[in-house]
Amino acid sequence: MVVIGSLYPNAGPPKAGIELDLILHCALYALLAGLVMIIFHNRKTALLLAIAMLPLGFLLEFAQLYIRGRTFSLEDLIANSIGVVIGLLVGLGLRFRLYHT
């Protein structure tokens, strides 16, 4: 969903302000990283896959330079990265509760 939404021409969140756009970026990447942390039982695999969301966010933002109606946004990239960190931390906490109780 994130990949398709990021690469679809002339797509984007509703024009309700930059804050909503950044919140959506942060929330979606947090969800992706958090789900990876919970779904994969092997901790090392989960961490590597969650951290892999960082270059994914960069590559998707960079790819938007070549898609009609899309642009590279440093703010979006930062929001993506913050979301990954939040998802990773929340996912670590949830992992501990799920796998150590």
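## Aromatic pairs and helix packing

By the ring-pair rule used here, the count comes to 3 aromatic pairs; rings of Phe, Tyr and Trp (its six-membered ring) pair if their centres lie within 6.5 Å, with planes under 30 degrees apart counted as stacked, over 60 as edge-to-face and the rest as tilted. Keep in mind that this is a predicted model, where local features need pLDDT of at least 70, side-chain atom pairs count only at pLDDT 80 or more, and totals for chains, interfaces and linings use all residues. Residues are numbered from 1 along each chain as its sequence is written, and side-chain values use heavy atoms, with hydrogens and water left out.

Take phenylalanine 58 and phenylalanine 72: their ring centres sit 6.4 Å apart with planes at 75°, so the pair is edge-to-face. This one links distant parts of the chain, since phenylalanine 58 is in helix α4 and phenylalanine 72 is in the loop between α4 and α5, 14 residues apart. Phenylalanine 62 and tyrosine 66 are also edge-to-face, with centres 5.8 Å apart and planes at 70°. Ring pairs join Phe58, Phe62, Tyr66 and Phe72 into a cluster.

How open are these rings? Here buried means under 20% relative accessible area, exposed over 50% and partly exposed in between (1.4 Å probe, protein chains only).

| Residue | Relative accessible area | Class |
|---|---|---|
| Phenylalanine 58 | 40% | partly exposed |
| Phenylalanine 62 | 37% | partly exposed |
| Tyrosine 66 | 65% | exposed |
| Phenylalanine 72 | 31% | partly exposed |

On to the helices, which are DSSP runs (H or I, at least four residues) numbered from the N terminus. Helix α5 (residues 74-99) has 26 residues and reaches 37 Å from its first C-alpha to its last, close to the 38 Å expected at 1.5 Å a residue; that expected span is 1.5 Å times one less than the number of residues. Its buried residues include Leu77, Ala79, Gly83 and Gly87, and the buried residues of α5 pack against α2, α3 (43-51) and α4 (53-63).

Cysteine 26 gives a view from α2 (residues 18-39). This cysteine is buried, at 18% relative accessible area. Beyond its neighbours within four places in sequence, cysteine 26 is in contact (heavy atoms within 4.5 Å) with Ala79, Ile82, Gly83 and Ile86.

Notes:
Helix = DSSP H or I, 4+ residues; strand = E, 2+ residues; numbered from the N terminus.
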